[in-house]
Amino acid sequence: MTSCRTTCPYCGVGCGVTAEINDATVIAVTGDRQHPANAGRLCVKGSTLAETLTTEGRLQHPLVRGERVTWNSALDSVAQKLQAVRRQYGPGAIAFYLSGQLLTEDYYVANKLMKGFLGSANVDTNSRLCMSAAVAAYQRAFGADYVPCSYADLEMSELVVMVGSNAAWTHPVLYQRMVASRKANPAKKIVVIDPRRTETSEAADLHLQIAPGSDAYLFVGLLHYLLGSGNLDTRYIEEHTRGFADALAVAREIDLARVASMTGLETQQIEQFYRLFGTTEKVVTLYSQGINQSASGTDKCNAITNCHLATGRLGRVGMGPFSITGQPNAMGGREVGGLANQLAAHMGFDEADVARVESFWQAPDMAREPGLKAVDMFRAVEAGDIKFLWIMATNPAVSMPDTEQVRRALQNCEFVVLSDCVEDTDTAAYADVLLPAMGWGEKDGTVTNSERCISRQRSLVPATGEARPDWWIVTQVAQRLGFGKAFDYRHPSQIFSEHASLSGYENEGRRDFDISALAGLSEAEYEQLEPTYWPCPSGNPVAEPIAAGRFFTASGLANFIAVQPALPTFDEDAERLLTLNSGRLRDQWHTMTRTGRVPKLMRHRDFFSVSISAEDAMARGLAEGELVHAQACSSSVTALIRIEDTVPRGQVFSPIHWSNQHANRACINGLIPAVTDPVSGQPQLKFSRVSLSPVPVSGWGLLLTRHLPVLPAAAYWSRVVASGGYLTLFAVAASAQLQEVQRDLVNHLQPFATRNIDYQDPGSGDFRNVGLAHGQLVYACYLNADRRRLPDGDWLTAQLAVAPLEDTLPLVAGFNPGSPVSGRLICTCWEVGERAIAQAVKAGARSVECLGEELRCGTQCGSCIPELKRMLLAAAS
């Protein structure tokens, strides 16, 4: 048995991982105690990484129009088509769409090929969807995309302001670091600004439940307050900034009454927050998608940064405006020019930068102006302007706004190439060529996390099937295009060395991104590279620029931006509708192509649902667990209703993860129009207006199978993976006959079994059918007019593991009195359900620590702690 240190492929925290490997198989994953990001701690997603290393759903061989071909044949097809399109239509007819899941080395060669050798900057990334507003704001304020904070600053701060971030679920390890630092310093305060009452807000000293989209009013109003309260750092403003007067001129119009009117907050709450910010020296404002994913996201980020500039609270320990990224290598993509408006090494498209990169690469056809950003790129695809589209490691048919438009674009595109490790995605259905890429645990390279720390992601096991590294795939195409000399890489260390060299090329401290000290690493040194923060220029170490009061603008001063606050716009008729807010769930990631294959990650929230308040449910005649139709414009989804007191009246919350692989009508981004921020091009993924209406059904079904089932037409279905099979909940439309659905299901299921047992009560519409083979359960199907009479899903899926299955009566009955229901999974790390926790509380457990000692819940990643506290509070009331 051997162990290997690598990095987690999920969120932007960039946790170190130690993998235990036996016989070319990862048998266990734990946190790397030596990694600065997590010091040994992992969230439940990271802890289950070993369970994702399966062949299920993997793209194992190159496919051209559905037919398996050799690598040479597939690569020839891609190169020939790319060359033909370029010759006939020009470089503007080609586009690459990349991903924060790529390693830095993959990103680098794709950008080099496109921007330096094909003559087009039509290279964008799914990172456009999550943090490009933050990038643009840093560039406007500092002259460079420089994140001026570290995770240690969050711990050393005296006040953390969390805006548009449910870090307890989305960045749980970092969130627990913040919570632990407050225990060590009881005077420390946490403010959470979020329209919903989230798990993150459970630990807040102050929760500002702001009206969706109104954040800019709050922070421009804060600048107004700082002036009137005497909390400005006038010396810092005079010596290190410019544009303050213009920013203040706007802020003077945004007084407390205006802020209260626009945000929906009480003036007392606003004043409390303003006083905390004004009188606390060490303040970090941590912001994420709730700020970035807006039609005015860049302005919102700058409104936050303005307040830190005005108080001089940046560039020192425990303070600064901190954008936390969503993906493991969104930062790495920014470093190599992964965005269409950037060149490599944080350079732009001004004449000097273009000439510099052109010279370094010896580029024969250098792009000289920015390319199309994500939303505009897919519009150009639909319009026919882009003929060749190469997508790498992402699923835009689900993750982009207005997904119907994106699917039309993919359908109409002349030639679509998809490099991915997964075959069964919504996007893969539109690809002409599928190229099998290595996934986590197979590929080898580097990633950069949210605090500018470069870490190694190492190969642990052999590749699945014929999968290859993304950098290898790109370079093979480049060589076929005649660029072999510039793309003659044999190992990712060579690419990294070139990337590092470019960062220092003609730099001399003028550009923020400089890792030239790493340019000369040998392959062996690259293999052993420890987590490294940038900047790390060659030669003598230099002070971090912002700490030294030095910025990367032409003047060397930071820029205040005069932010004019604006609320999201919508059609006049939409005022009667509900506001849709979307986000992530605790145990899921993006479109569930990885986490959706781990059974225990599906037990915290199983079937697709949307959440509303009890008042809104009552007004629309909706009840818990019933079916609802949510519509915006011409798109719609069908979901179960969850009634939650965490959702304010007038709002709907939906998770973002579901696709056509997991439910029939659940792609929530189809309800979100492709409105973009004019500065960054980031789409407004956090805001839409929707109508809700009940969906009448004639019955419900629950289906457990060992194989992927084929369902009859259903008003709704949602499927989760179980240990050894699949569990599907479905609803039969009111216009359909239960008997016909029953017949179709039986015809599909019975051939899989050698023995079938069924029960039917025609009067109530109750039907149960169980199939067995070789002493094991093969399938179990239940239909009933009342969903509440269907079996418990956890109990049912456990029957797949029973062998030999001798007593079939409980299966036909749909329950076993001797097997109590565990309830919804609360602690996924230790698989502790609601029932066990409720029993422990009833027996006398009065704290999270007591529950941890008895059941171990809350002792691993800590992301269940807010729910444990909520259960304890409910029991005490």
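Author: Let us begin with a definition: rings of Phe, Tyr and Trp (its six-membered ring) pair if their centres lie within 6.5 Å, and planes under 30 degrees apart count as stacked, over 60 as edge-to-face and the rest as tilted. This is a predicted model, in which local features need pLDDT of at least 70, side-chain atom pairs count only at pLDDT 80 or more, and totals for chains, interfaces and linings use all residues. Residues are numbered from 1 along each chain as its sequence is written, and side-chain values use heavy atoms, with hydrogens and water left out.

Reader: Which residues form one aromatic cluster?

Author: The cluster consists of F219, Y225, F273, Y274 and F277.

Reader: And how many aromatic pairs are there in the whole structure?

Author: The search finds 22 aromatic pairs. In one of them, the ring centres of F273 and F277 are 6.4 Å apart and the planes stand at 75°, so this pair is edge-to-face.

Reader: Where do F273 and F277 sit in the chain?

Author: They belong to helix α13 (residues 267-279), and because they are four residues apart there, about one helical turn separates them. Helices (H or I, at least four residues) and strands (E, at least two) are DSSP runs, numbered from the N terminus.

Reader: Is F273 buried or exposed?

Author: F273 counts as buried, at 0% relative accessibility. F277 is buried too, with a relative accessible area of 0%. Buried means under 20% relative accessible area, exposed over 50%, and partly exposed in between (1.4 Å probe, protein chains only).

Reader: What about the pair F608 and W658?

Author: The ring centres of F608 and W658 are 5.7 Å apart and their planes are at 50°, so the pair is tilted. F608 lies in the loop between β21 (578-583) and β22 (609-612), and W658 in the loop between β25 (651-655) and β26 (688-694), so the pair ties together parts that are 50 residues apart in sequence. Both F608 and W658 are buried.

Reader: Which ring does K112 lie over?

Author: K112 lies over the face of F487, at 4.9 Å from the ring centre. Likewise, K387 lies over the face of Y89, at 4.8 Å from the ring centre. A charge sits over a ring if NZ of Lys or CZ of Arg is within 6 Å of the ring centre and within 35 degrees of the ring normal.

Reader: Turning to strands, how do β21 and β26 pair?

Author: β21 and β26 pair in the antiparallel sense, over three bridges. Two strands pair if DSSP finds at least two bridges between them. T579 has R689 in β26 as its bridge partner. Strand β23 (residues 627-632) also runs antiparallel to β26, joined to it by four bridges, and Q631 stands opposite S691 in β26.

Reader: And which strand does β22 pair with in the parallel sense?

Author: That is strand β24 (residues 635-643), over four bridges. The bridge partner of S611 in β24 is R642. From β22, S609 and S611 point one way and V610 and I612 the other way, and all are buried.

Reader: What is the order of the strands in the open sheet?

Author: Six strands form this open sheet, in the order β28-β29-β27-β32-β31-β30, with antiparallel pairing. Its edge strands are β28 (716-722) and β30 (755-761), and each pairs on one side only. β28 is joined by seven bridges to strand β29 (residues 725-733), and the two run antiparallel. In β29, L727 is the bridge partner of V720.

Reader: At what angle do helices α9 and α15 pack?

Author: Helix α9 (residues 215-229) and helix α15 (residues 297-311) pack at an angle of about 20°, with their axes 8 Å apart. That makes α9 roughly parallel to α15. Axes are lines fitted to C-alpha atoms, for helices over the stretch in contact, and angles run from 0 to 180 degrees between N-to-C directions. Angles under 35 degrees count as roughly parallel, over 145 as roughly antiparallel, 65 to 115 as roughly perpendicular and the rest as oblique.

Reader: What about α9 and α12?

Author: The axes of α9 and helix α12 (residues 256-263) come within 9 Å and cross at roughly 165°. The two are therefore roughly antiparallel to each other.
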